[in-house]
Amino acid sequence: MDRVIIFDTTLRDGEQAAGGTLNIQEKLQIARQLERLGVDVIEAGFPISSPGDFEAVRLIAREVRTPVICGLARAHPDDIDRAWEAVKEAEHPRIHVFLSASDVHLVYQLKKSRQEVLQTSRAMVARAKKYTDDIEFSPMDASRTEPEYIYQILEAVIDAGATTVNIPDTVGYAIPEEFGNLIEGILNNVPNINRAVVSVHCHNDLGLAVANSLESVRRGARQVECTINGIGERAGNASLEEIVMAIRTRNDFFDLATKVDTKQIYKASRLVSELTGFVVQPNKAIVGANAFSHESGIHQDGVIKMPITYEIMDPRTVGLPASSLVLGKLSGRHAFKERLAELGYSLSEEDFNRAFLAFKELADKKKGVTDRDIESLVAEEQRTVSETFHLDRIQVSCGDRGIPTAAVRLIDPNGQVLADAALGTGPVDAVYQAINRLVGVPNVLTEYSVKSVTEGIDAIGEVLIRIESAGITYTGRGADTDVIVASAKAYMNALNRLLGAKKATG
Ligand code: KIV
Ligand code: ZN
């Protein structure tokens, strides 16, 4: 059986999605989960694009040893040198060089001839090849490029040392049959194609990214570029979980396999959603909250009698927690530790102690603590690990007659206690005004939403916000049984990320 290489670009193309910026530690956390997931290649970033991206790629290259670690570079000498600097300490480094190929890009954007682009592509692959053997080349906007010209470029770059040739549907324009024809044409018309792996990289502008990727695999492509939850530029990239589960579930059709440990999918999806702030829609295939829930009576009856009547996948294969065991205030450290392990967490002793205290506090307020509650409280604990300012206390007074007022106490980076109070148009506004007086970083709140983690009046509320400062968006999340406290935590989370990014760029 043939194998399909899974190339994950969550940290590069995924992070390019508007409002999805991640800090270095968050990128490393995701890369570690991608390693557990068993992806073959992690595209860790675009090193020349910013000092932060360079550092993140370098850190991942040092720390994440099993997969290939790839850095993106335009077909410019400086980009290639910088990409190499970032990935050179990886156990398996790769440089990914790209250059536009379609006439529409050549005429309006690059103002270069086909001949010039061909020569530059060849020369830049040869330059990258001096650093490492593992070189990928992408003719950007390939799906809108004349196939004969693509064949010429691919032959030239393979000659210069490219070991993977990636065919991007950059603007999500392709239709499965047409894109499959392009892949088959490449396999039949590029004389040295047997020296390279053919890869595809599909965007989802017409909702066809996964369909185009799967059709390409059926026609002979052996690497698929994709992202967790399908996040990415505009409408996103092909979704990793959908590709992997389609290949696995319809093995009878594809007769192919991947190396992915599918039990890690749910965890990867939650982590990416949590850190990017991109909520997964409930009906999202594989990882949406409703992906395995049956509402119709006829379906429920069938599933009770025999799951395969209406379930084509066992939810446990994607790592959905099997039990709905509920912990309570009498549950001890041992039960909590076991539940965490079943949910796929392995926390250090210190993190475990913090999480256990938070669990006990929650169990005092809430009747039954579910798996989703535990996920939410672990995430909340992890968010506070590398804070600049820490929220110590808040107190709010509000009502239909009074003027909303908030008093806030923070701990600053030197361990000093800071306190202030403010009025606002509502309780959340009053809290944010009081925090602003203490932290003093100008920003604009652009998004605020609150949802409950489980049903019931005692449920945890999760708040997601976005703030903008100097043209950059920062996401913040907070969870608490009190939504005003959750709102304050979300704001602190966003501000801490803003301050962290400022520190990183000096
Ligand atoms: O969509 C695209 O063309 C890309 C390239 C850099 C591969 O992301
Ligand atoms: Zn892309």
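Trainee: What spacing do the donors of the zinc ion (ligand 2) follow along the chain?

Mentor: In this predicted model, the donors of the zinc ion (ligand 2) follow the spacing D-x187-H-x1-H.

Trainee: What makes Asp13, His201 and His203 donors of this zinc ion?

Mentor: A donor is an N, O or S atom within 2.8 Å of the metal. Asp13 (OD), His201 (NE2) and His203 (NE2) lie 2.0 to 2.1 Å from the zinc ion (ligand 2), so they meet that cut-off. Water is not among the atoms, so the site may look incomplete.

Trainee: Where in the chain do Asp13 and His203 sit?

Mentor: Asp13 is in helix 1 (residues 10-14), while His203 is in the loop between strand 8 (197-202) and helix 9 (209-218). The pair links distant parts of the chain, 190 residues apart.

Trainee: Why is Asp13 called buried?

Mentor: Good one to check! Buried means under 20% relative accessible area. Asp13 has 3% relative accessibility, so Asp13 counts as buried. His203, at 4%, counts as buried by that rule too.

Trainee: Why is Val450 called partly exposed?

Mentor: Partly exposed covers the range between buried, under 20%, and exposed, over 50%. Val450 has a relative accessible area of 44%, so Val450 is partly exposed. Val450 lies in strand 14.

Trainee: Which residues make the nonpolar surface patch of about 310 Å²?

Mentor: That patch is made by Leu445, Tyr448, Val450 and Val483. Strand 14 (residues 444-452) brings the largest share, 3 residues.

Trainee: Which residues touch the most other members of the largest nonpolar core?

Mentor: Of its 95 residues, these are Leu37, Ile42, Ile69, Ile95, Val165, Ile167 and Ile186. Helix 7 (residues 147-160) gives the most to this core, with 9 residues. A second, separate core of 29 residues includes Ala422, Tyr432, Ala434 and Ala488.

Trainee: What does Ile167 touch, not counting residues up to four places away in sequence?

Mentor: Its contacts are Ala142, Leu154, Phe179, Leu182, Ile183, Ile186, Val198, Ser199, Val200 and His201.

Terms used:
Residues are numbered from 1 along each chain as its sequence is written. Chains are lettered from A and ligands numbered from 1 in the order in which they are written. This is a predicted model: local features need pLDDT of at least 70, side-chain atom pairs count only at pLDDT 80 or more; totals for chains, interfaces and linings use all residues. Side-chain values use heavy atoms; hydrogens and water are left out. A nonpolar core is a set of buried Ala, Val, Leu, Ile, Met, Phe, Trp, Tyr and Cys residues joined through side-chain atoms within 4.5 Å. Buried means under 20% relative accessible area, exposed over 50%, partly exposed in between (1.4 Å probe, protein chains only). Helices (H or I, at least four residues) and strands (E, at least two) are DSSP runs, numbered from the N terminus. Contact means heavy atoms within 4.5 Å. Patches are made of residues with over 30% relative accessible area and no salt bridge: like charges are joined within 9 Å, nonpolar side chains (Val, Leu, Ile, Met, Phe, Trp, Tyr) within 5 Å. Accessible areas come from the Shrake-Rupley method with a 1.4 Å probe; for residues, only the protein chains shown count as cover. A salt bridge is a side-chain nitrogen of Lys or Arg within 4 Å of a carboxyl oxygen of Asp or Glu. Donors are N, O and S atoms within 2.8 Å of the metal (3.2 Å for Na, K and Ca); water is not among the atoms, so sites may look incomplete.
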